[in-house]
Amino acid sequence: MAALQIAERAMPAEDTLAAVSASLVGGYVGTKVLEKVSQKLDELPRQIVFVGGGYISFEFAHVAARAGATVEILHRGAVPLQGFDPDLVGRLVQGTRDLGVDVRLATAVHAVEKQGERLFVRCATQAGDYACETDMVVHGAGRVPEIDDLDLDTAGVQYERQGVSVNQYLQSVSNPAVYAAGDAAASPGLPLTPVASLEGEVAASNMLEGNHQAPNYTGIPTVVFTIPPLAAAGLQESAARAQGLKFRTREEDTSGWYSSRRIAVPYSAVKVLVEDGSGRILGAHILGPHAEETINLFALAIRKGLTAADLEALPYAYPTHASDVWYMV
Ligand SMILES: Cc1cc2nc3c(=O)[nH]c(=O)nc-3n(C[C@H](O)[C@H](O)[C@H](O)COP(=O)(O)OP(=O)(O)OC[C@H]3O[C@@H](n4cnc5c(N)ncnc54)[C@H](O)[C@@H]3O)c2cc1C
């Protein structure tokens, strides 16, 4: 029996297994049976259950399944991989299932119990209770910042579940001598490495020169590193509509394109949002080989306000995955 916690900044461990059920409320698992990913496993467990359908669960599930484990992902909501285009997510879920991973949606985990050397995961679904038995349970149900040991109350530093409460300059809203950046800040930025770098620079600059800069989160790319990868930059369709933007959507199954077909990748698609009138790229969503690289071109375009015509006018090295951008806009 083994259990693994892959999200380093997860909720603190609980003392007893009995506490597991309670600590799952809100989507978090906290228990001493869950260990950190830094603890090397001597061998791959035969069966692994991932709690939560975020990018970390999907990435590790793909690795484990390809290495021979029997893998299940249990996700509370109807659509996993929040923050990514739901249509492309649907294709990736299908690809993940075809890989042999049992992806169960609308399945809310409410307890993990240890019986002998085995772990039992108990869930609620609309159809009734569901339970499974496994060698390892991985906590992929979200991360919270590691700020509990900082005694922020003593310094009068206000905080919330996402981190230190900050204003647009990343300055604490309750103690002006304190700034926060990256995963530790409750800022609008996603908990990602490029966001932490960006916010770190902004916070340092504001500390040294006074509040004069706010982070620009426009077009920051994000990737699910599965096979194939799923990448996104800019707005989703629903967000663009909610903002009242007028746009056309270029959406296509790209599995027949040379870049996917030559390596037999059946799950491959693109969706790009182009603003009416201005031609600006509002959002780009790519599922397919080298999406993690191609998305950077769209991130540049979105951040710098480039248009579909600008991207079409670029001479790309051929044949590269980037040269597909011609056909994506
Ligand atoms: C499994 C996993 C996969 C991920 N994959 C991606 C990915 O593919 N792409 C991506 O962009 N992001 C990814 N992330 C998120 C990314 O790692 C974080 O968003 C990023 O590291 C945040 O940077 P940070 O500097 O805010 O925090 P960290 O990188 O966590 O750095 C904080 C540092 O502060 C130290 N520290 C903590 N408390 C104290 C203290 N009291 N005193 C002194 N030092 C302290 C910690 O030890 C740590 O070294 C992933 C995260 C996880 C857990």
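Helices and strands are taken here as DSSP runs, of at least four residues for helices (H or I) and at least two for strands (E), numbered from the N terminus. On this basis, the chain holds nine helices and 17 strands. The model is a predicted one. Its mean pLDDT is 89, and 88% of the residues reach at least 70. Residues 1-37 stay under 50 in pLDDT. For this segment the model has 96 contacts beyond four places in sequence.

Of the 329 residues in the chain, 41% count as buried. Among contacts with a separation of 6 or more, 57% link residues 24 or more positions apart.

Strand pairing was examined next. Strands of a sheet pair through backbone hydrogen bonds, in either a parallel or an antiparallel sense. Strand 7 (residues 118-125) and strand 8 (residues 128-134) run antiparallel and are joined by seven bridges. A hairpin of two residues connects strand 7 to strand 8. Within this pair, Val121 has Cys132 of strand 8 as its bridge partner.

Strand 11 (residues 163-165) runs parallel to strand 12, and two bridges join them. Val164 stands opposite Ala185 of strand 12.

Ile220 lies in the loop between helix 4 and strand 13 (222-224). Is this residue buried, exposed or partly exposed? A residue counts as buried if 20 or more other C-beta atoms lie within 10 Å of its own, and as exposed if 12 or fewer do. Ile220 has 19 other C-beta atoms within 10 Å and is therefore partly exposed. Leaving aside residues up to four places away in sequence, Ile220 touches Leu190, Leu192, Pro194, Val195, Ala233 and Ala299. Pro194 is 26 residues from Ile220 along the chain, yet their C-alpha atoms are separated by 7.7 Å.

Methods
Residues are numbered from 1 along each chain as its sequence is written. This is a predicted model: local features need pLDDT of at least 70, side-chain atom pairs count only at pLDDT 80 or more; totals for chains, interfaces and linings use all residues. Two strands pair if DSSP finds at least two bridges between them. Two residues are in contact if their C-beta atoms, placed from the backbone, lie within 7 Å. pLDDT is the predictor's confidence in each residue, from 0 to 100.
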